[in-house]
There are 2 protein chains.
Amino acid sequence: MYIMSQTDNLYAERIAKIRSLGYDAVIIAGTDPHSSEYPAPRWKQVEWASGFTGEAGDIVVTQDHAGLWTDTRYFIQANRQLAGTGIELHKTRVPDEVLIPQWLAGHFRRKPVRVAFDGLCQSVGAVRELEDALRQAYGLGGYELVDRPDFLNEWWKDRPAIPHSQVTCLDEKSVGETRREKLDWLRGEMKKAGCGSMFLTSLDEIAWLLNVRGEDIDYNPYVISFLLVTQETAIWFVRNVSEVPAVRDVVNADYAVLEDALEDRRDECGRLFIDPSTLNYHTYKLIRKYFAESEIVFGASPVILRKAVKNKKELDGFRRAFIEDGVAVENFLYWLETSVQGGAQITEWEASEKLTSLRAQIEGYRGNSFENISAYGANAALPHYSTPREGSAVIRPRGLYLVDSGGQYLYGTTDITRTVPMGRCSRQEKEDYTLVLKGMIDLTLAVFPEGTAGCQIDAFARGPLWAARRSFGHGTGHGIGFYLGVHEGPQSIRQNFNPQPMLPGMVTSNEPGLYREGKHGVRHENVVLCREEGKSEFGTFLGFETLTCCHIDTSIVVRKLLDERERNWLRSYNRVVYRMLKSRLAPEVARWLKKKCR
Amino acid sequence: MYIMSQTDNLYAERIAKIRSLGYDAVIIAGTDPHSSEYPAPRWKQVEWASGFTGEAGDIVVTQDHAGLWTDTRYFIQANRQLAGTGIELHKTRVPDEVLIPQWLAGHFRRKPVRVAFDGLCQSVGAVRELEDALRQAYGLGGYELVDRPDFLNEWWKDRPAIPHSQVTCLDEKSVGETRREKLDWLRGEMKKAGCGSMFLTSLDEIAWLLNVRGEDIDYNPYVISFLLVTQETAIWFVRNVSEVPAVRDVVNADYAVLEDALEDRRDECGRLFIDPSTLNYHTYKLIRKYFAESEIVFGASPVILRKAVKNKKELDGFRRAFIEDGVAVENFLYWLETSVQGGAQITEWEASEKLTSLRAQIEGYRGNSFENISAYGANAALPHYSTPREGSAVIRPRGLYLVDSGGQYLYGTTDITRTVPMGRCSRQEKEDYTLVLKGMIDLTLAVFPEGTAGCQIDAFARGPLWAARRSFGHGTGHGIGFYLGVHEGPQSIRQNFNPQPMLPGMVTSNEPGLYREGKHGVRHENVVLCREEGKSEFGTFLGFETLTCCHIDTSIVVRKLLDERERNWLRSYNRVVYRMLKSRLAPEVARWLKKKCR
């Protein structure tokens, strides 16, 4: 029999409080006022209300139901964390998914339906979708949307403050483009869109445009802020303005004076460009006080694509970052293998800490780019395994260990996964290991015409697994920022239809995997740079250059599953890794790596 | 210097007449009242106005401009046929395409903008797109849409009548499902969609549902008609009702009484389902006289998907059709090779006629499924080459000859392309031939999880060409109807994002190609059936069975460009073809085929 714990009671009480507001439905979205993928603790309201700690999830509370919407990555975790809270799991990214707008559109019988949310944490786009669904279902006047900014504060007494950490101005020589050049480019884009001004809300776009970085969010070097760019001025709205260094070509202003600035600069702004997918609804309403709808141009921010195509300096930085990072990972793998084979009892957590400590020695290290995944045996079958500090598994001298990690450096961001045979492996482990590797190599070697999008080449990575009746459920590749988010758009390599073509200069991960619940998990991840691979009468062709510099263990490769081209790539890759790193490693590590790379 | 010909004058005069109507813009769409891909001569209004004979094209005439919008397949042809008419080519399916609605939205300065069209030849969906674009550009009240059914009749004195040919009722045993079963199924779907009735407009859907075929349109065995299905009745609105045989479970009525029927049956209909992508705007307005917008449910017709998934009887028929068709094509290829090598002067046109005559001998033959493409040498570099009756090229005993053709049989529809080495071939011809074949084989051998869409496996066919910096611009695969259109949806295998998953029972072409202007063209096309290829803990996997039964010439295959798996497939395919066909061929042809299949 299940006995309700105190914790369950806690969440049940919190849901009851939310219900007591008296709305037909209350939405608690798991993001911040900037639509960040990884919000600061201040905006972990989904965790506060439900105990669910996954990186994506939204809650809806009605008078007769409480539900959490989250995707395939978190089903197991959500089921565990929601048990006993009375909150039900609604699955997304499944074929029969019913998203929140559709669910709300089908749930109520009495009109008008009153739906409340914190407009600071809902994008304009999300509210539009909600409104479209409700209007269709209940008719104009059949529903009401209520924006209640920060409404949880009443009960969430220890809610963390909005962070305002140290701001770093990057050396403009090292990033290849000055703030002035970037602002001039943006002003040109604004003109093309028929706008006199643009209001930027996405934190990575602002950080890129201003060549600044912060520490406001774990793993993501952003400064929580907004940016208003007109043809004459750029005003950066930050918290604690007195502590933020002055940056040339930009006026710093306090977050709190945003409304005054909009009023004062109304004429200077002309038509205003906004991106509804990241601007929050509450701030949009503020803007609408001074701008009629016809004076606003809605569109995808041009910064997203421009930021994804790296310039020469950024690529120089990336190359350096992947070499420095490779040294740290090789030292880690050497330490792990010799320790475990020497009989040491290393836990997943200890391994993770060791890896972080090795990265921390690198010049220009600014932290990890995401939470290390250090997973042994069956734990690696959870693609988003979160290594527990206490009681994590001991890594034994057999089977597979998976480590997915990355660093933030002043000169680039890294992301690498290695699956490491710790000793004897089963036939199935060896086959899975080889087939995933085959997929990674086939995507690495892919050549495709200009204009091809990621989902049109994703099959190269999946084909070898499919042929063996195996498959994996996550994406194959995501864009990677330059000392910015380890996930960035607009490109991706996955099954989803994303029309963005791969462009020369884009830096993307290449990470097929395979997961057998209760048994093992395999993922191989290199980061690749899209580059030109030749022209012909049929046009320009593109392909990939691998940036990641860390050997791939060949000891359990099932040779006959790779063809000659794939074997050649693997041989040549390991050879290059050894050549690049040997002089930077201690002699015993270099000797070890030489053997590994043979 | 260009001298205007009489023909050019003709089209210039016709454009002037259209202009004289006094509208800001007149649209002439290249389709019929059923949104057919291939309309009957009655609806070749684009050809009447411009001389352009491509299978896809729309015209816009303003007071200062006349333009033809068509896609990549027809650029060369359009440039040739429009020369001297004053009509400009607007390219579609290119990255910077500007479609008609957007073009009209950007063209005018004076409001209101009055746009006229023949509402019989514009789908509701097309008019909606037009209206959305005009509303955004010119505001509500800033534009006016004028529906002028059959407005060309005033000048087009010899316009062909609406055809009404013989109707064939298919043997319900041979198609696997009775009309009654199909109607019952549709009534269930209507209920699920919350509708009491459905108005069907697409000719292939009606033919499939009623198990009838006609000859109203070249190559497409349809009966020009509409169908109204309620929970009690099914009323088939046809031309010349007295000549149409009575079919059980359906009431025949004249096309002309459509409006009366809608009025009389208003209550019986309840909510009405329509597919805006095929219903024409004029008929929609008729419907709207009796149905408020809220009493109409808009959606994709459920018949499209159901029709695409073939039942066992239909597949039996298809298998038979591909064998019968294979015999005809093998006889053709034997005749062609021996004739040309024997010194006969065979033209492309004569070859095409010969092939048709061989198909015509097959029991159940009802015509070709599209116009034969019979193209030698550089002519084959035009993917949609139309073989001229007079002055077509002589097929020489060297280089490549391409033949793309198909038949309509009472028991199925075929479509096959073979590229045939007629003698000595260049290195490039051999390589291109082999790489295209490699792509076709790789797609044939593809295995993929349930839920995978065509664009997610298209790369398997293109990869070998891409790797050699070569590519082709058309789709790789289209659905094929059962004694219906040789092109049908909803599935496709191409770069375009089409979310429809491949499903077991779908019959689709597999036809990569390569075209070198002025030199040669290669296309290999087999038709494949999607089927289950095994289950595992990762789900159900699908793959393809090849239905086409006709050998592939291996004499110019560059062996080292194929891997072992591909060579095995080719060997085994030719072996099966020979085994299946040998007893149906004359001894000398069987002997010849045996050699070809070695």
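This is a predicted model: local features need pLDDT of at least 70, side-chain atom pairs count only at pLDDT 80 or more; totals for chains, interfaces and linings use all residues.
Biologist: In what order do the six strands of the open sheet of chain B lie?

Modeller: The pairing within this open sheet is mixed. One of its pairs is that of strand 1 and strand 5 of chain B, which run parallel. Across the six strands of chain B, the order is 4-3-2-1-5-6.

Biologist: Why is one side of strand 4 and of strand 6 of chain B left without a neighbour in the sheet?

Modeller: In the order 4-3-2-1-5-6 of chain B, strand 4 (88–92) and strand 6 (143–147) stand at the edges. One side of each is left without a neighbour because each of these strands of chain B has a single partner strand.

Biologist: At about what angle does helix 5 of chain B run to strand 6 of chain B?

Modeller: Helix 5 of chain B comprises residues 124–138. This helix lies across strand 5 and strand 6 of chain B. Its angle to strand 6 of chain B is about 155 degrees.

Biologist: In the sheet of chain A, which residue is the bridge partner of Val113(A) in strand 6?

Modeller: Chain A also holds an open sheet of six strands with mixed pairing, in the order 4-3-2-1-5-6. Strand 5 (residues 113–117) and strand 6 of chain A pair in the parallel sense over five bridges. In strand 6 of chain A, Val113(A) has as its bridge partner Tyr143(A).

Biologist: Which strands of chain A does helix 3 lie across?

Modeller: Helix 3 of chain A spans residues 75–82 and runs at about 170 degrees to strand 4 of chain A. Helix 5 (residues 124–138) of chain A lies across strand 5 and strand 6 of that chain. Helix 3 of chain A, for its part, lies across strand 3 (66–71) and strand 4.

Biologist: How many residues of domain 2 of chain A take part in the contact with domain 3 of chain A?

Modeller: The domain assignment of chain A places domain 2 at 168–307 and domain 3 at 309–596. The C-alpha centres of these two domains of chain A lie 35 Å apart. Domain 3 of chain A gives 20 residues to the contact, and the number from domain 2 of chain A is 14.

Biologist: Which helices of chain A each supply at least two residues of the side of domain 2 that touches domain 3?

Modeller: The residues on this side of domain 2 of chain A divide into seven nonpolar, three polar and four charged. The helices of chain A that each supply at least two of the residues are helix 6 (172–175), helix 8 (203–210) and helix 12 (302–308).

Biologist: By what rotation is chain A superposed on chain B?

Modeller: The superposition has an RMSD of 0.0 Å and a shift along the axis of 0.0 Å. The two copies are thus related as by a two-fold rotation axis. The rotation is 180 degrees.

Biologist: Which element gives the largest share of the side of chain A that touches chain B?

Modeller: In this interface, 26 residues of chain A are in contact with 26 residues of chain B. Strand 21 (448–449), helix 16 (458–467), strand 27 (526–536) and strand 28 (539–546) of chain A each give two or more residues to its side. That side divides into 14 nonpolar, eight polar and four charged residues. The largest share, six residues, comes from helix 16 of chain A.

Biologist: What is the handedness of the crossing of helix 13 and helix 14 of chain B?

Modeller: The axes of helix 13 (residues 312–341) and helix 14 (residues 348–360) of chain B come within 9 Å and cross at roughly 145 degrees. The contact includes Phe332(B) and Trp335(B) of helix 13 and Leu355(B) and Leu358(B) of helix 14. Its residues divide into seven nonpolar, one polar and two charged. The crossing of these two helices of chain B is right-handed.

Biologist: Through how many residues does a hairpin join strand 27 of chain B to strand 28 of chain B?

Modeller: Seven bridges link strand 27 of chain B to strand 28 (residues 539–546) of chain B, and the two run antiparallel. Val528(B) stands opposite Thr546(B) in strand 28 of chain B. The hairpin joins strand 27 to strand 28 of chain B through two residues.

Notes:
Residues are numbered from 1 along each chain as its sequence is written. Chains are lettered from A and ligands numbered from 1 in the order in which they are written. Two strands pair if DSSP finds at least two bridges between them. Helices (H or I, at least four residues) and strands (E, at least two) are DSSP runs, numbered from the N terminus. Two residues are in contact if their C-beta atoms, placed from the backbone, lie within 7 Å. Axes are lines fitted to C-alpha atoms, for helices over the stretch in contact, and angles run from 0 to 180 degrees between N-to-C directions. Domain bounds come from an automatic or database domain assignment. Ala, Val, Leu, Ile, Met, Phe, Trp, Tyr, Cys and Pro count as nonpolar, Asp, Glu, Lys and Arg as charged, and the others, Gly among them, as polar. Copies are superposed by least squares on the C-alpha atoms of residues with pLDDT of at least 70 in both. A crossing is left-handed if the near helix is turned anticlockwise from the far one by less than a right angle, and right-handed if clockwise.
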